[in-house]
Amino acid sequence: MPSPTPPLDLLLAPAWLVPVEPAGVVLQGHALGIRNGLIAWLGPRERAPQALQVRELPGCLLTPGLINAHGHAAMTLFRGLADDLPLMTWLKEHIWPAEGRWVDEAFVRDGTDLAIAEQLKGGITCFADMYFFPREACGRVHRSGIRAQIAAPLLDFPIPGARTPEEGLHQAIELFGDLRHHPRISVALGPHAPYTLSDASLEKIRVVADQLDAPVHMHIHETAGEVEQAIADNGERPLARLARLGLLGPNLQAVHMTQVSDDDLALLVESNTSVVHCPESNLKLASGFCPVERLWQAGVNVAVGTDGAASNNDLDLLGETRTAALLAKAVAGSATALDAHRALRMATLNGARALGLAAVTGSLQVGKAADVVAFDLNGLLQQPVHCPVSQLIYATGRDCVKDVWVAGQPLLLDRRLTQMDETALANTARAWGARISGRHE
């Protein structure tokens with residue numbers, strides 16, 4: 001006789017369930033079952049199998065966990081340090097000097113912890129990070145229970161933690177090998193931008209990426225000035241240069257892409273390169289507008305990211321997605337551009353695809369990791385609920401995030417972190433703030 005099916009570890013019973021795949025579906029009266037960290041069952045509540053624990057979620061919307069496809073986690077400790085400045089002024093005169101003075105292993109540990117906590121409280125179950133001392137960031141991800149892609153930063157000059165470009169690349173290769181089989185951490189190569197790396201360096205990175213089949217995460221076409229300077233210096237647009245060097249492809253995550261010509265669009269489509277849209281950072285730094293609807297209609301996979309808290313100034317992906325949806329309509333000149341369901345898809349499954357994790361997360365499907373968020377739509381400000389997805393994107397803030405599970409583990413319950421001490425995190429952040437600003441509290 002066949003062995004009896006073991007009971008589910010947990011059954012989640014919300015008012016609405018949006019699996020994201022298939023697209024545009026809102027399920028009512030359905031429940032989701034979790035066993036061994038995976039989604040093991042999804043169907044009508046009355047047919048649900050036995051479960052060891054049932055969590056009733058009346059008035060709540062259940063979706064895949066949000067995926068923040070670009071950021072610099074430890075820079076939460078620079079939040080508000082140098083606001084209202086152009087990108088290159090902000091970088092060269094404020095951020096880079098501050099990093100040179102303050103960034104060490106302790107800074108990255110504490111800043112990454114703060115970022116993880118903020119993201120979990122905002123419904124983010126997976127994030128992409130590019131910052132110094134990536135091994136320290138991996139340690140914080142491992143400890144916290146969240147999922148992440150950690151990109152080792154690569155530049156042509158010394159950076160905190162790597163005295164030479166060769167040392168940085170060696171560290172990235174070593175980290176990739178050490179974490180190759182980690183269940184929640186993937187490692188990417190993080191060339192900073194075309195303007196901070198020579199052809200020779202980019203060719204080395206491409207060879208290593210090909211050998212390891214590693215993701216490549218890179219700021220590209222962030223501003224019109226970047227593109228204009230590249231044409232003046234070498235006669236070609238940065239994206240065309242990367243194509244010539246063999247870096248475009250499904251493993252490349254092109255972050256920002258505010259400047260997209262017809263030739264650029266053709267290269268993105270032909271190579272199956274993903275674009276990561278960071279609308280609020282782009283707006284705050286006056287970097288430009290990523291043509292999201294044009295990219296989407298051409299078949300480009302577009303994900304969404306917050307960028308770092310130093311240029312945003314928060315890690316609120318739900319708010320970022322609302323901004324992305326509204327901005328897409330204005331840029332396209334069409335009220336139908338990036339509707340609510342597609343906006344949610346951009347913040348979930350598209351992010352998973354960009355990070356090479358679509359087989360693992362990004363949608364609520366049996367066999368995928370149980371990365372799930374429950375949004376509480378019971379509040380006065382969410383009434384009435386005609387369409388829960390529209391309500392989520394256009395009328396709901398991250399304060400409505402009630403519960404978060406990653407790989408079936410509850411990391412936020414009733415809006416409280418289960419694995420992190422919020423008071424200790426806040427006190428540590430305040431201490432860093434006092435040091436950086438020169439105050440003594």
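**Aromatic pairs, nonpolar cores and a buried glutamine**

In this predicted model, the structure holds 4 aromatic pairs. One of them is formed by Phe78 and Phe107, whose ring centres lie 4.9 Å apart and whose planes meet at 40°, so the pair is tilted. This pair links distant parts of the chain, since Phe78 belongs to the loop between strand 6 (66-68) and helix 1 (87-102), while Phe107 belongs to helix 2, the two residues being 29 residues apart. Both Phe78 and Phe107 are buried, and ring pairs also link these two residues with Trp432 into a cluster.

A further aromatic pair, formed by Trp96 and Phe157, is edge-to-face, with 6.3 Å from centre to centre and 65° between the planes. Because Trp96 lies in helix 1 and Phe157 in the loop between strand 8 (147-154) and helix 4 (165-178), the pair ties together parts that are 61 residues apart in sequence. Trp96 has a relative accessible area of 29% and is therefore partly exposed, and Phe157, with a relative accessible area of 34%, is likewise partly exposed.

Charged side chains are also found over aromatic rings. Arg435 lies over the face of Trp432, at 4.3 Å from the ring centre, and the charged end of Arg342 sits over the ring of Trp296, 5.0 Å from its centre.

In soluble globular proteins, nonpolar side chains tend to be buried together. The largest nonpolar core of this model comprises 110 residues, of which Phe78, Trp90, Phe107, Tyr131, Leu295 and Leu338 touch the most other members. Helix 2 (residues 105-121) contributes the largest share of this core, namely 7 residues. Another core, of 15 residues, lies apart from the largest one and includes Leu10, Leu364, Val372 and Ala374. When neighbours within four places in sequence are left aside, Trp90 is in contact with Met75, Ala82, Leu85, Ile95, Leu285, Ala310 and Ser311.

The side chains of Gln253 and His217 are joined by a polar contact of 2.5 Å. Leaving aside neighbours within four places in sequence, the residues in contact with Gln253 are Gln149, Pro215, Val216, His217, Met218, Ser274, Val276, Ala354 and Leu355.

Technical notes:
Residues numbered from 1 in each chain as written. Predicted model: local features only at pLDDT ≥ 70, side-chain atom pairs only at ≥ 80, totals over all residues. Heavy atoms only, no water. Core = buried A, V, L, I, M, F, W, Y, C linked by side-chain atoms within 4.5 Å. Buried < 20%, exposed > 50% of the residue type's maximum accessible area, 1.4 Å probe, protein only. Helix = DSSP H or I, 4+ residues; strand = E, 2+ residues; numbered from the N terminus. Contact = heavy atoms within 4.5 Å. Polar contact = N/O pair within 3.5 Å; in protein donor to acceptor, adjacent residues only side chain to side chain. Phe/Tyr/Trp six-rings, centres within 6.5 Å; stacked < 30°, edge-to-face > 60°. Lys NZ or Arg CZ within 6 Å of the ring centre and 35° of its normal.
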